[in-house]
Structure formats: structure tokens, C-alpha cells
Amino acid sequence: MNIQVSKPPLSIRLCGPRGFCAGVDRAIQIVVLALKAYGAPVYVRHEIVHNRYVVEGLEAKGAVFVEELNEIPEEHRAQPVVFSAHGVPKSVPEDAESRNLFYLDATCPLVSKVHKQAMRHQRLGRHVILIGHAGHPEVIGTMGQLPEGTVSLIDTIADAEAYQPIDPDNLGYVTQTTLSVDDTAGVIAKLQERFPNLTAPSADSICYATTNRQEAVKQAAPGCDLFIVVGAPNSSNSKRLVEVALRAGATRSLLVQRAAEIAWDEVGPIRTLGISAGASAPEVIVDEIIEAFRERFDATVELAITAEENEHFLVNRELRNVELTREDMAWVNG
Ligand code: SF4
């Protein structure tokens, strides 16, 4: 006897924009193009973007990830080394030059813009406040644009309350690009209340991709029994999306790197599922996760789009003549 078990219905709200931003797309393209132009190995300092799938995919093509430049063997010094999208302290390109290394900087142009704004504050004699998370590579990179003692890191409202500057009337701030829009507004408000002459950067430091992904999640999360954010545990913008989903009203929210990680016995009897992806999470993983839900549920997918994105950043000049085909990026874009 053939018993047909019907699957429970599930409505999936798929957020847009989600996943790769222009800065991540560019950084991955730089490694792919460098491999085409110069052959393997291409060294990459730090994870090019915070995503294991991306890192392993590039390793399979011939990229070698290192944390510091002194890990590059003498015999490979003519091969390029790529700096990650998060940006690097000034000391890193200086170190590369002193070692005669050929480097390609994949720092996102929007991170570079924050570097410039921080340097501008400092040039105009202001002490720089960087709002961000200690230890994140972007924070290390931004602090490393400035001479020691000219920048202070503030993460939370409690930090803003406790902060005691030498000259409270001569302060300027910038922020990490991937922070929570709402939390950061609270930290800035506290700093402005305490230091009314605090100078803002000329443009928002939190980038368009962070803002758009958080807004899409905020709109889609109310009423979701579960909200899945595709992303890595070391991806700042992905972790923020989990928090945003919970605050906006999702009953539960999970950060998931691959479908195989989902503990199905803990998913429970859900009827509405939200899905988004951090800026470093490939679309092929989003597809994989939707497919895994389709296997277990009678799922219908509804797009929850709150903005259109058309940003595109050019790769480094040295790589602009190298052809990039759709197939070169199909392993991440599907
Ligand atoms: S999240 Fe924003 S700052 Fe970071 S790489 Fe993407 S566009 Fe650039």
C-alpha cells in the first residue's frame, strides 16, 4: 500500500535585497580575476569575506589564505597577495612594499570612504571616535589609518556614557560600515548629548547594503515563526540581521551557514518562515536552504522586496582587461 503523507504548508518570505553587496562581489571577483591573470597561487590576507563557502571555493581554485604577509613563502613573492574587503591598517601595504610583494587591495570602496573621513577628522585636529566592535578586521583597519592615541573605540551606549575625552569640544566620529542602524543611532545620540560639538562624518558610515538588508528584515520579520539569516558567525552584518529579525517580531531567528546545519527536530511546527542573507552569503546557499525546506514542507515563496540595488564597484586597474564570465561566478551566484 502506498501511503502519501502530505507535507505541512509553509509560507516563505524571501527578503530583498539580501546576500552579496557590491563590495563583496568586487572582492571575490578580484581573487577570481587575479587567478586568471597570474595563475595559482594567489595569496589572500585574511578571509576575503567572512564566509567559509566562499573561502573554500576560492581555495579550490588556487587561492591561499594567510593571516600575515610573512606567511608567504620566499619563492612565491612574485605572486599577488589580495587584501580583504574589510580593509587593512596602513602598516599592511607598507609591510608589503618593504617585502617587495605585489598586492591588490580588495578593500570595499565604502570602507575606504570611512578611512578618508576618519583621516579628515584627524587632519582637522579632532580626536576620532570610531563606533564599532573591538577586534573586527574592519575596525582594526580603520584604527590603523590613524596615529596611535588619536582614535578611541566605542561599542555600546554604556561605552558612550563612560567615555572621558581629553578635549570634549574637539571630537569627530565615524562608524563601522556593518553595524545595527538602530543601535548605532542610540550610541550617537548619547555621544551628541554628552558632547554637543561632536562632528559627524560628511556621509553616513553604515553602508547602503547594511541599511537595506536590515530594513528588508524589519519589514518581513513580524509574524514569522522562524527567521533564517544565511551567514557566518564571524559576519558582523549577518549577526545584526538576526537581532533585527527578533526585535521586529520574529518568534525565533537563526544564523545558518549551510542547509546541513539546520536541526530539523528543533524547527517545529512553523507556518511562516522569513529568509534573508548577510552581505557575504552566496545566493547558491539561499537556494540550498529553500530547497531543504521544500523537501519537508509544501512551501510557497513570496518575495519581500523593500529596495532595488544597482551599486557596482570596478575592480583594480590591473585586472580590468581580464574577462570575467558568468561561469566564473556561477559557483556563488548560481
Ligand atoms: S557590507 Fe557595505 S561596506 Fe561591507 S563590503 Fe558590502 S558594501 Fe562594502
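Tutor: Let's start with a term: a salt bridge is a side-chain nitrogen of Lys or Arg within 4 Å of a carboxyl oxygen of Asp or Glu. By this rule the count here comes to 15 salt bridges. The model is predicted, with local features needing pLDDT of at least 70 and side-chain atom pairs pLDDT 80 or more, while totals for chains, interfaces and linings use all residues. Residues are numbered from 1 along each chain as its sequence is written, and side-chain values use heavy atoms, leaving out hydrogens and water.

Student: What makes Arg52 and Glu56 a salt bridge?

Tutor: Their side chains meet at 3.4 Å, N to O. The cut-off is 4 Å, so the pair counts.

Student: How far apart are Arg52 and Glu56 along helix H2?

Tutor: They are four residues apart, which means a separation of about one helical turn. Helices here are DSSP runs (H or I, at least four residues), and strands are E runs of at least two, both numbered from the N terminus.

Student: Why is the pair of Tyr53 and Trp331 called stacked?

Tutor: Rings of Phe, Tyr and Trp (its six-membered ring) pair if their centres lie within 6.5 Å; planes under 30 degrees apart are stacked, over 60 edge-to-face and the rest tilted. Tyr53 and Trp331 have 6.3 Å centre to centre and 25° between the planes, so they pass both tests. Tyr53 lies in helix H2 (residues 52–61) and Trp331 in helix H12 (residues 326–333), so the pair ties together parts 278 residues apart in sequence.

Student: Which domains does the assignment give?

Tutor: Domain 1 is 9–20 + 208–305, domain 2 is 22–108 + 312–333 and domain 3 is 110–194. Such bounds come from an automatic or database domain assignment.

Student: How much area is buried between domain 2 and domain 3?

Tutor: About 870 Å², with 63% of it from carbon and sulfur atoms. Buried area is the accessible area (1.4 Å probe) that two parts lose on being put together, summed over both. On the domain 2 side, His86, Lys90 and Cys108 supply 51% of the area buried against domain 3, more than any other three residues.

Student: How many salt bridges does the count give between domain 2 and domain 3?

Tutor: The count there is zero.

Student: What makes the bond between Gly16 and Pro17 a cis peptide bond?

Tutor: Its omega is about 0°. Pro17 sits in the loop between strand E1 (9–16) and helix H1 (22–38). Ala40 and Pro41 are also joined by a cis peptide bond, with omega about 0°.
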